[in-house]
Amino acid sequence: MEIRARAPGKIILAGEHAVVHGSSAVAAAIDLYTQSSLHLPPSGEDGAGVVEVDLTDSCLAFSWPCSRLLEALGETCRKAELQAPRPCSPEELAAIAKLVELHEIPEAKIWLSAGLSAFLYLYTSILGCRPGKVVVSSGLPMGAGLGSSAAFSVSLSGALLTAAGVVCAEGVVGGTEWQLLGKDHLELVNTWAFQGEKIIHGKPSGIDNAVSTFGSMIKFKKGELTNLKSGNPVKMLITDTRVGRNTKALVAGVSERASRHPDAMASVFHAVNTISEELSSIVELAATDEISMTSKEEKLAELMEMNQGLLQCMGVSHSSIETVLRSTLKYNLVSKLTGAGGGGCVLTLIPTLLEKVTTELESHGFRCFKVEVGGQGLQTHRG
Ligand SMILES: Nc1ncnc2c1ncn2[C@@H]1O[C@H](COP(=O)(O)OP(=O)(O)OP(=O)(O)O)[C@@H](O)[C@H]1O
Ligand SMILES: C[C@@](O)(CCO)CC(=O)[O-]
Ligand SMILES: [Mg+2]
């Protein structure tokens, strides 16, 4: 049996980091996906065979004998409650980390260990210690602010829960082989994916897994999600500075700054909340034609500019991000970092796709993506 699931990456238009501290944020799915293909042999003896994961983008594959998993995680492998995932306990996480350490991951790719821990947690909690192989491939740059960790956790959870028979497709995506899950099943996938994100991020707000699961453009605050009817989609150019960074460390850095300067940072988070609220109402107003496109774009640009300033206050900008801001400003275009910052990707609001800007950005060694914003979330396929 082969089951495939694909989940999109995302952009955050406003509110990253502040959303971890309770502010609103606005995010949208993009048409770059991570796909997980799960192959399960017919059930055999408990403990026989191996669990394999092939990370095609990193050209690395890993496997663990089921007997070894059973020995290390025995109780976990048998007790998972599929309808209500429990968080991974520190003891379980330590046992999983030891299983990951059995493999020598090249130092240059050591950041993959967090993804492998999330994989082992999701696989063994959902399917137990039965043999199987998962092949993961992605069109998203990894660790660059476009939600690769969430798309990884959502696509894995979607494929594993489909195999476990607890979620199933309800409709098709027109003109494609992909199928869609119903709302309750998406909710369940999202809850599992959030547990995966916790292993990779430490303290995620849940926005990335939510937008990857449900798609569209959303406002997110304290776990509550509102769908934004955006009408005319905003046009964004994404520039990957190719400066590597790690969301977990950046989120922890902002929390440390907040504990050093609680009042100042509370004001920053409050200002970001106001920006996200205003931005989401402009997006919705534009859908009702009560505001002209030019006025909408001007307002969005100003709010993005203000948000970027506040992200600098939080300490998550980077010289490469500043280079993108300067280059795009030459063309009167406004940019802001997206995702956790510290390098990674920058968003530029564009009236039309400007070849000149992309050429200039690429001359700095950056990589540009032209994406569709606000599309589908998780999709599955059974072969
Ligand atoms: N296709 C993949 N294969 C293996 N591991 C992956 C894959 N995609 C993501 N990961 C895991 O997620 C980590 C990157 O997550 P991180 O949260 O730091 O960045 P991001 O999700 O791309 O950006 P952001 O959280 O700012 O949107 C990788 O180091 C890896 O452990
Ligand atoms: C930086 C952050 O706000 C967004 C990362 O895409 C972290 C989170 O919300 O989990
Ligand atoms: Mg992430």
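## Basis of the description

Because the model is predicted, local features are described only at pLDDT of at least 70 and side-chain atom pairs only at pLDDT 80 or more, whereas totals for chains, interfaces and linings use all residues. Residues are numbered from 1 along each chain as its sequence is written, while chains are lettered from A and ligands numbered from 1 in the order in which they are written.

The domain assignment divides the chain into domain 1 (2-227 + 375-382) and domain 2 (236-370), with bounds that come from an automatic or database assignment. Their C-alpha centres are 27 Å apart, and 29 residues of domain 1 are in contact with 36 residues of domain 2, where contact requires C-beta atoms, placed from the backbone, within 7 Å.

On the side of domain 1 that touches domain 2, at least two residues each come from β1 (2-14), β2 (25-39), α5 (183-201) and β8 (217-221); here helices (H or I, at least four residues) and strands (E, at least two) are DSSP runs numbered from the N terminus. Strand β1 gives the largest share of that side, four residues. By class, this side of domain 1 holds 15 nonpolar, 11 polar and three charged residues, with Ala, Val, Leu, Ile, Met, Phe, Trp, Tyr, Cys and Pro counted as nonpolar, Asp, Glu, Lys and Arg as charged, and the others, Gly among them, as polar.

## The ligand shells

Ligand 1 lies between the domains, because domain 1 and domain 2 both give residues to its shell. Of the 26 residues around ligand 1, the nearest are Gly115, Ser148, Ser149, Thr247 and Gly339, a residue being near if its C-beta atom, placed from the backbone, lies within 6 Å of the molecule. Helix α3 (112-127), strand β5 (132-138), and helices α4 (148-163) and α5 each supply at least two residues of this shell, and the largest share, four residues, comes from α4. The shell around ligand 1 is made up of 12 nonpolar, 12 polar and two charged residues.

Ligand 2 is surrounded by 15 residues, of which Glu16, Pro204, Ser205, Gly339 and Ala340 are the closest. Helices α6 and α7 are the elements that give two or more residues to this shell, which draws at least three residues from each of domain 1 and domain 2. Its classes are seven nonpolar, six polar and two charged residues.

Helix α6 (residues 207-214) is largely enclosed by the rest of the structure, because eight of its eight residues are buried, that is, each has 20 or more other C-beta atoms, placed from the backbone, within 10 Å of its own, against 12 or fewer for an exposed residue and a partly exposed class in between. The cover over its buried residues includes β1, β2, α4, α5, β8 and β9 (224-227). Gly215, with a positive phi near 70°, follows α6.

In α7 (residues 247-260), the buried residues are Thr247, Leu250, Val251, Val254 and Ala258. Seen down the axis, they fall within an arc of 100°, so they line one face of the helix, the arc being that of the directions from the helix axis to the C-beta atoms. The face turned away from them carries the exposed residues Ala249, Glu256, Ser259 and Arg260.

## An exposed loop residue

Asp289 belongs to the loop between α8 (262-287) and α9 (293-314), and Asp289 is exposed because 10 other C-beta atoms lie within 10 Å. The C-alpha atoms of Asp289 and Gly128, 161 residues apart along the chain, are separated by 52 Å.

Terms used:
Two residues are in contact if their C-beta atoms, placed from the backbone, lie within 7 Å. The expected span of a helix is 1.5 Å times one less than its number of residues.
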